[in-house]
Amino acid sequence: MAKLIDGKQIAADIRSELRQQVSSWMAQGNRAPQLTAILIGDDPASATYVSNKMKAAEDVGIKSVTETYGNEITEEELINRIYQLNEDDAVDGILVQLPLPGHINERKVCNSVSCDKDVDGFNERNVGRLCLDMNTLIPCTPLGVQELLKRANIETFGKNAVVVGRSKNVGMPIAMLLHADGRNDTCAMDATVTICHRFTPPNELKRFCRSADIIVTATGVPGLIKADMVKEGAAIIDVGITKVTNPATGKTKLVGDVDFEEVCKVAGYITPVPGGVGPMTVAMLMKNTFIAATNLAKKRIINRIE
């Protein structure tokens, strides 16, 4: 029976550590780090995500502000507001909640956020630095997956890993962190990585997964990873999250990409959904905000000296 990787507990541990770090930082005469979130439209899921992030910020001692705009905001207006926040020394982190309305180009918006305040790690320059294994702000979900593996003491060095899903915000950066050289800035994991996606034939997906010591799946396809695809003792990290409705009762529940009950019988480690990767994403956002605040404070001191 697989050992459960309790993302909720690990995230709580990280938030406790951050609470102490923020307190120590402020005791040295620094102000509290400040995170500004931009929420556009009236999507209830997005509103819930932002609310959870702001509660986590309060919990660790990070000041937070949420700016809410209607769907009618133009791309130019949004980017101009981001530029203002970039120049505001009272703001350390900027979060633009995705998805955005169809008339706004998400890539342009992500690139308009200052690299120093890009706590989501979505600016293309930060993504490039990640790909070059350089010090940068790393996207929160991939960073959370890395932290889960490390804190669960799952060996990655020289192991075979399969990443199912190739999204630019999740699958790709997870693959980068899994395969890159652990001696460099990102403290990566030195695994041999195979990336599978929607055009990987099912029989090939099964073949790749059966050879994997670690499977990280992030597709949003419920039940995609079944027990006969998993090598005995493998570690399974389920990033997928989908709301499904029971046709008999009409009740909804959240499920991942993994057939949890059956895969548990084969795997060595597994994350639940919910309660696995999700809480880690929020914890890593708080960590990135604190990192951004300390980096910006150092820059301001250097600029004053010069």
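Begin by selecting lysine 265, which counts as exposed because its relative accessibility is 55%; exposed means over 50% relative accessible area, buried under 20%, and partly exposed in between (1.4 Å probe, protein chains only). Glutamate 262 forms a salt bridge with lysine 265, and their closest N and O atoms are 3.2 Å apart. A salt bridge here is a side-chain nitrogen of Lys or Arg within 4 Å of a carboxyl oxygen of Asp or Glu. Elsewhere, salt bridges that share partners join Arg15, Arg19 and Asp59 into one network.

The model is predicted: local features need pLDDT of at least 70, side-chain atom pairs count only at pLDDT 80 or more, and totals for chains, interfaces and linings use all residues. Residues are numbered from 1 along each chain as its sequence is written, and side-chain values use heavy atoms, with hydrogens and water left out.

Two further salt bridges may be visited next. Select aspartate 181 and arginine 183, whose side chains meet in a salt bridge (2.7 Å, N to O). Aspartate 181 is partly exposed at 22% relative accessibility, whereas arginine 183 is exposed at 75%. Then select arginine 207 and glutamate 204, another salt-bridged pair (2.7 Å, N to O). These two lie 3 residues apart in helix α8 (residues 202-210), so about one helical turn separates them. A search of the whole structure finds 14 salt bridges.

Now turn to helix α1 (residues 7-27), whose 21 residues reach 30 Å from the first C-alpha to the last. Helices are DSSP runs (H or I, at least four residues), numbered from the N terminus. Colour Gly7, Ile10, Ala11, Ile14, Leu18, Val22 and Trp25, which are buried in α1. Seen down the axis of α1, the buried residues fall within an arc of 110°, so they line one face of the helix. They pack against α2 (44-60), α6 (140-151) and α10 (277-305). On the other side of α1, Gln20 and Ala27 are exposed.

Finally, select aspartate 120, in the loop between α4 (106-112) and α5 (124-131). Aspartate 120 is buried yet has no salt bridge; lysine 53, the nearest side chain of opposite charge, is 5.3 Å away. Not counting residues up to four places away in sequence, aspartate 120 touches Leu95, Val96, Ile138, Pro139, Cys140 and Leu285, contact being heavy atoms within 4.5 Å.

Technical notes: The expected span of a helix is 1.5 Å times one less than its number of residues. The arc is that of the directions from the helix axis to the C-beta atoms. Lys and Arg count as positive and Asp and Glu as negative; His and the chain ends are not counted.
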